[in-house]
Amino acid sequence: MRETLSLKGLLEKISAYNPEADLEILKRAYHFSREAHCSQKRSEGSPYIKHPLEVAYILADMKMDVPSISAGLLHDTVEDTIVTIEDTKAIFGEEIAFIVNSLTKLSKVEFRTKKEAQAENFRRMLLAMSEDVRVILIKFADRLHNMRTLQHLPEAKQQRIAAETLEIYAPIANRLGMGWLRTELEDLSFKYLMPDLYEELVRKVAKRKEEQEGYIREVTQLVKRKLKEEGLPGKVSGRVKHYYGIYQKMLKQRITFEEIHDVLGLRITTDTKSNCYAILGLIHSLWTPIPGKFKDYIGVPKSNMYQSLHTTVIGPKGERVEFQIRTEEMHRIAEEGIASHWKYKERGVIDEKSSKYISWLRDIVQVQKDMPDALDFLEAVKGEVVPEVVYVFTPKGEIKEMPIGSTPVDFAYGIHTQVGHKCVGAKINGKIVPLKYKLKNGDTIEIITSPSHGPSRDWLKFVVTQRAKNRIKQWIKTEERAQSVELGIKLLETELRRHNMSNALMKSDDILTVAKALGINSLEELFVAVGFGKLSPHQVVNRLMPEKPAEEAEVVKVRKREKEQKGISIKGIDNILYHTGKCCYPIPGDNLVGFVTIGKGVTIHRRDCPNLGRLAGEDARLVDVEWQSYGDATANTKLFVETIDKPGVLANLSALISSLNININHLEAISTQDKRGHITFIMEVKDISQLKTLIQKINQMEGVLRVKR
């Protein structure tokens, strides 16, 4: 907590690094915010203005510009007071109003769940960040002060805010290269999420620091002396790993605190890149480096622009010592990230170097129109801010950074969407590997493509990047939609022929009127609904048929009932109500049996129906049933078809069924994990003979594995 917190102190802090700052607008923002929040208090009882002033101080520590700090002072006014965004724009201008509006939660919009509301607010903020990064930097300052004062909130709220900070804000801070912010957010979250473990680590780190202080001082003096002897400029300082970083190492390597040897380390900063390598050589000449513990992030920088040399050596007395070697500029970038070389122009436009920090976000924003769900968007962001990565090479030697667990398919989509779509194989270091192969550091990847190939649904089981997942889902959705349109048209045309109606109706205003009556706004959507089985073709065509006079309609109903009953013969019983079993879907020509149910008449099943015994019971009165097909009478039956899951199979099946003048009332299609298609049809057939013919023809189709009733 700061000892003195005042407007005067804030203005002095800003003037120290920005002598040309417009202090008048800052004063106005402070007084406006204090007045707006005058009746409000923080959870601990202090005046509310203390929070926006703390946020402004944090932004000043980050050496932010006047519009950012002004927006920091005003960030809660629109959300928590009677002030409107129009008021803010009129008094402080469009630039500051844009930032404040981007930070204001959507409190007037109703959401189904709190989680959905948080996701939508977060998406809104990140979309604004893609236009102006200052939005997220102010949000970071706001979140940091809230985390520093989290002890004043109820425990449940502490847990929720800490979890959100650890899961979302800290990784984004890391992705933007803001090392100091990431570590403080992680440690504060850790403190509230696992307080006992946190306190234990604090005690153990303090004890080890005390025990090793003399040792670290001794090594520091030795390194300084050697640097001077070699004429190498460099500042040497001790460093302690942050608590959450230690906990993560314990978790990942399944070791205890006592087994971690590099809790304490040394950092050497120098003037040039070449001197970094010279100092590395000096360290390795003094002590033996531990194999596998050297990392060159200068030659291969991280995606957040982090650059440094890391090495661990067996130091004096056999103790392990970790060194970080970097230039002063590298150190500044490692700590401040995107805020280290922010170029303020109109509405937060940043220079080319800084724009690399948010290229990942802009990529997500480009495809976010395909992710209307805010929770999906939030998952996409989480997938892009994973801290652990592998470094791989293109055949031309370009370095690509991929999340750990990435596959050649992820890599292919990282190059270009069409490379991903057409990917049929991959070579790693010259050898063919499966597409689900997990990429390793140093792999050289060559993607093999085919112009006639398309993505597989199976890829979704092993790809890890959000870009790959979104592109595959989008392709599948487009492909399935095209197939559904084609199938819907065929089903409707078949139904029209059954009623001796013209196919010209498919392009008429009448069918569009029917679509709108069914709550569908276009013909394409109607065809999709029929193709997917959401609507039956009978429902649509029935509405296209002309209205009949009441008397004629009643005659039709009577004849329909007669037609349905015609051909059913139940021995020893006349004029009794009957219905067919929905478990086995009996049809004319099947070996049938019925059982009498009081109040329901006779239920007819196939004799081989597996449910017959259970449904009828031991005391059921069974009756013999004969069913002959007359005229154009039909009965519903169910057919299951297993296929290879590939485009066109469903459309071909439906076309075959339609060619036999069989009407499909309903269909369901799903894909299995082993790339099979399971399709269930409910259709109208005349008798067992017609069904057998259909089954025979389906069995002969390419891509069909089996057919059964």
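Student: Is D65 buried or exposed, and what is its relative accessible area?

Tutor: D65 is buried, at a relative accessible area of 9%. Buried means under 20% relative accessible area, exposed means over 50%, and partly exposed lies in between (1.4 Å probe, protein chains only).

Some ground rules first. The model is predicted, so local features need pLDDT of at least 70 and side-chain atom pairs count only at pLDDT 80 or more, while totals for chains, interfaces and linings use all residues. Residues are numbered from 1 along each chain as its sequence is written, and side-chain values use heavy atoms, with hydrogens and water left out.

Now the partner. D65 forms a salt bridge with R134, at 2.7 Å from N to O. The two are 69 residues apart, with D65 in the loop between α3 and α4 (66–74) and R134 in helix α9. Helices here are DSSP runs of H or I with at least four residues, strands are runs of E with at least two, and both are numbered from the N terminus. A salt bridge puts a side-chain nitrogen of Lys or Arg within 4 Å of a carboxyl oxygen of Asp or Glu. R134 has 0% relative accessibility, so R134 counts as buried too. The pair is part of a salt-bridge network that links D65, E95, D132 and R134.

Compare another bridge. D61 and K13 have their closest N and O atoms 2.7 Å apart. D61 lies in helix α3 (residues 50–61) and K13 in helix α1 (residues 7–17), so this bridge ties together parts 48 residues apart in sequence. Here D61 is partly exposed, at 41%. K13 is partly exposed as well, at 26%. By this rule, the salt bridges number 24.

In soluble globular proteins, nonpolar side chains tend to be buried together.

Take L176. Beyond its neighbours within four places in sequence, L176 contacts M129, I136, F140, G337, I338, Y357 and I358. Contact means heavy atoms within 4.5 Å.

Next, the packing of α9. Its partner is helix α10 (residues 155–175), at an angle of about 145 degrees and with the axes 11 Å apart. Axes are lines fitted to C-alpha atoms over the stretch in contact, and angles run from 0 to 180 degrees between N-to-C directions. From α9 come I136, K139, F140, R143 and M147. From α10 come I161, A162, E164, T165, Y169, I172 and A173. By class, that contact has eight nonpolar, one polar and three charged residues. Ala, Val, Leu, Ile, Met, Phe, Trp, Tyr, Cys and Pro count as nonpolar, Asp, Glu, Lys and Arg as charged, and the others, Gly among them, as polar.

Finally, the setting. The protein chain has 28 helices and 20 strands. Of its 709 residues, 49% are buried. Among contacts with a separation of 6 or more, 66% join residues 24 or more positions apart.
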